[in-house]
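User: Got a model open here and want a quick walk through it. Can you take my questions as they come?

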Amino acid sequence: LSFPGKLSSAEETAQLEWEAAMSEYLQKKNDIILSVKKSYYELSLFSRQVEISENNKTLIREILNLAEAKYASGRGPQSDVLRAQVELGKTGNEIIALKQMRRTAFLGICCLIGIKVETRDVPEVEGIRADGPKYDQDKAAGIALAGNPSLRKASFAREKSRAELKAARRQYLPDIGVEAAYAWRNPQSS
């Protein structure tokens with residue numbers, strides 16, 4: 001038999017080790033969720049930028065048509081036509097780059113959540129609302145510290161170390177051994 005307290009110390013150590021592992025798991029889970037959210041926000045941003053750039057391209061095309069008409073009638077300089085053509089080309093290149101960044105963000109999301117990509121097209125995403133919950137800085141810091149799995153893991157690791165120290169100190173205590181023997185004596189042989 002173990003000395004009283006030895007087994008409970010080992011149990012406490014194992015429990016704290018499990019809680020530290022759970023905190024590490026939660027931290028990894030939160031990291032993945034954060035990565036997915038960031039990627040989704042990037043995807044939304046790039047989608048919105050493509051939309052705005054395409055609208056700009058339409059407006060620049062209208063300006064180019066107007067500048068060409070003015071130049072053809074002799075009322076506008078050729079530099080206006082050239083400037084509009086350059087802007088139209090720059091906007092086209094910008095749209096191509098933004099679509100590539102949008103695709104990269106989409107593939108990042110697919111990779112994070114484990115979806116096999118079988119389409120070359122990136123789906124359109126809804127705009128993301130920017131008005132989230134409002135916190136003052138102290139309240140937000142308190143919420144973050146209270147729910148931070150890394151801090152909880154560190155706390156459990158500290159408690160585990162204390163429990164291991166307590167268990168190590170109890171190793172110096174003697175174990176109790178109980179033995180029993182049974183012997184049968186024949187009363188007639190005496």
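Predicted model: local features only at pLDDT ≥ 70, side-chain atom pairs only at ≥ 80, totals over all residues.

User: How many helices and strands does the chain have?

Analyst: The chain has four helices and zero strands. Along the sequence the pattern reads α-α-α-α.

User: What share of the residues is buried?

Analyst: Buried residues account for 18% of the 190 in the chain.

User: And contacts, what percentage join residues at least 24 apart?

Analyst: Taking contacts between residues at least 6 apart in sequence, 78% join residues at least 24 apart.

User: Which residues make up the largest nonpolar core?

Analyst: Eight residues: Leu43, Phe46, Val50, Leu98, Ala105, Phe106, Ile109 and Cys110. Two elements, α1 (6-73) and α2 (78-113), each give two or more residues to this core. The top contributor is α2, with five residues.

User: What does Cys110 touch, leaving out residues up to four places away?

Analyst: Cys110 touches Ile115 and Val117.

User: Which residues does the second core include?

Analyst: That core is separate and has six residues, among them Ile60, Leu64, Val81 and Leu88.

User: Ok, switching to Thr91. Buried or exposed?

Analyst: Thr91 sits in helix α2. Its relative accessibility is 7%, so Thr91 counts as buried, the cut-off being under 20%.

User: Which residues does Thr91 touch, again skipping those up to four places away?

Analyst: Ser53, Lys57 and Ile60. Ile60 also belongs to the second core.

User: Now charges. How many salt bridges does the structure hold?

Analyst: Four. Side chains of opposite charge can pair when their charged atoms come close.

User: Start with Glu51. What is its partner in the salt bridge?

Analyst: Arg48 is the partner, and the closest N and O atoms are 2.8 Å apart. Both residues lie in helix α1, three residues apart, which is about one turn of the helix.

User: Which salt bridge links distant parts of the chain?

Analyst: One that does is Lys99 with Glu54, at 3.5 Å from N to O. This pair joins helix α2, which holds Lys99, to helix α1, which holds Glu54, across 45 residues. Lys99 is partly exposed at 36% relative accessible area. Glu54 is partly exposed too, at 35%.

User: What about Lys90, what does it form a salt bridge with?

Analyst: Glu87, with the closest N and O atoms 3.5 Å apart. Lys90 and Glu87 are both in helix α2, three residues apart, about one turn of the helix. Glu87 has a relative accessible area of 34%, so it is partly exposed.

User: Surface next. Which residues make the nonpolar surface patch of about 340 Å²?

Analyst: Ile32, Leu112, Ile113 and Ile115 make that patch.

User: Where does Leu112 lie?

Analyst: Leu112 lies in helix α2. Why does it qualify as partly exposed? Its relative accessible area is 34%, between the 20% and 50% limits.

Note on methods:
Residues numbered from 1 in each chain as written. Heavy atoms only, no water. Core = buried A, V, L, I, M, F, W, Y, C linked by side-chain atoms within 4.5 Å. Buried < 20%, exposed > 50% of the residue type's maximum accessible area, 1.4 Å probe, protein only. Contact = heavy atoms within 4.5 Å. Salt bridge = Lys/Arg side-chain N within 4 Å of Asp/Glu carboxyl O. Patch = residues over 30% accessible without salt bridge, like charges linked within 9 Å, V, L, I, M, F, W, Y side chains within 5 Å. Areas by Shrake-Rupley, 256 points an atom, 1.4 Å probe, with all protein chains shown as cover.
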